[in-house]
Amino acid sequence: MNRRIRKKREKQQLARAIRELVTLAEKRQQKRQEAIDRFLTAYSAYLAKQGGAERRTP
């Protein structure tokens, strides 16, 4: 293979790898945000169950 074709393929391979990494990072961030949302929902329900007014601030 000549150098120009090899360079082009390497560039395409690098671009593909970067796209896959970005996709993976986006999926991880989405899962992280979903976990945070679930926690906040559960914690809000817990606080509502506790009455909210019982919490005292010093």
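Which residues form a positive surface patch? The model is predicted, with local features requiring pLDDT of at least 70 and side-chain atom pairs pLDDT 80 or more, while totals for chains, interfaces and linings use all residues. Residues are numbered from 1 along each chain as its sequence is written, and side-chain values use heavy atoms, without hydrogens and water.

**View 1. The positive surface patch.** Arg 3, Arg 6, Lys 7 and Lys 11 make up the patch. Patch residues have over 30% relative accessible area and no salt bridge, and like charges are joined within 9 Å. A salt bridge is a side-chain nitrogen of Lys or Arg within 4 Å of a carboxyl oxygen of Asp or Glu. Lys 11 lies in helix α1, residues 3-50 (a helix is a DSSP run, H or I, of at least four residues). Lys 11 has a relative accessible area of 65% and is therefore exposed (buried is under 20%, exposed over 50%, partly exposed in between, with a 1.4 Å probe and protein chains only).

**View 2. The stacked pair Phe 39 and Tyr 43.** The structure has two aromatic pairs (ring centres within 6.5 Å; stacked if the planes are under 30 degrees apart, edge-to-face if over 60, tilted for the rest). In Phe 39 and Tyr 43, the ring centres are 5.9 Å apart and the planes at 10°, so the pair is stacked. Both residues belong to helix α1, four residues apart. Phe 39 is exposed at 55% relative accessibility, whereas Tyr 43 is partly exposed at 39%.

**View 3. The stacked pair Tyr 43 and Tyr 46.** These rings have centres 6.2 Å apart and planes at 25°, so the pair is stacked. Tyr 46 is partly exposed, with 44% relative accessible area. Phe 39, Tyr 43 and Tyr 46 form one aromatic cluster.

Notes: Patches are made of residues with over 30% relative accessible area and no salt bridge: like charges are joined within 9 Å, nonpolar side chains (Val, Leu, Ile, Met, Phe, Trp, Tyr) within 5 Å. Accessible areas come from the Shrake-Rupley method with a 1.4 Å probe; for residues, only the protein chains shown count as cover. Lys and Arg count as positive and Asp and Glu as negative; His and the chain ends are not counted. The place of a charge is taken as NZ of Lys, CZ of Arg, CG of Asp or CD of Glu. Helices (H or I, at least four residues) and strands (E, at least two) are DSSP runs, numbered from the N terminus. Rings of Phe, Tyr and Trp (its six-membered ring) pair if their centres lie within 6.5 Å; planes under 30 degrees apart count as stacked, over 60 as edge-to-face and the rest as tilted.
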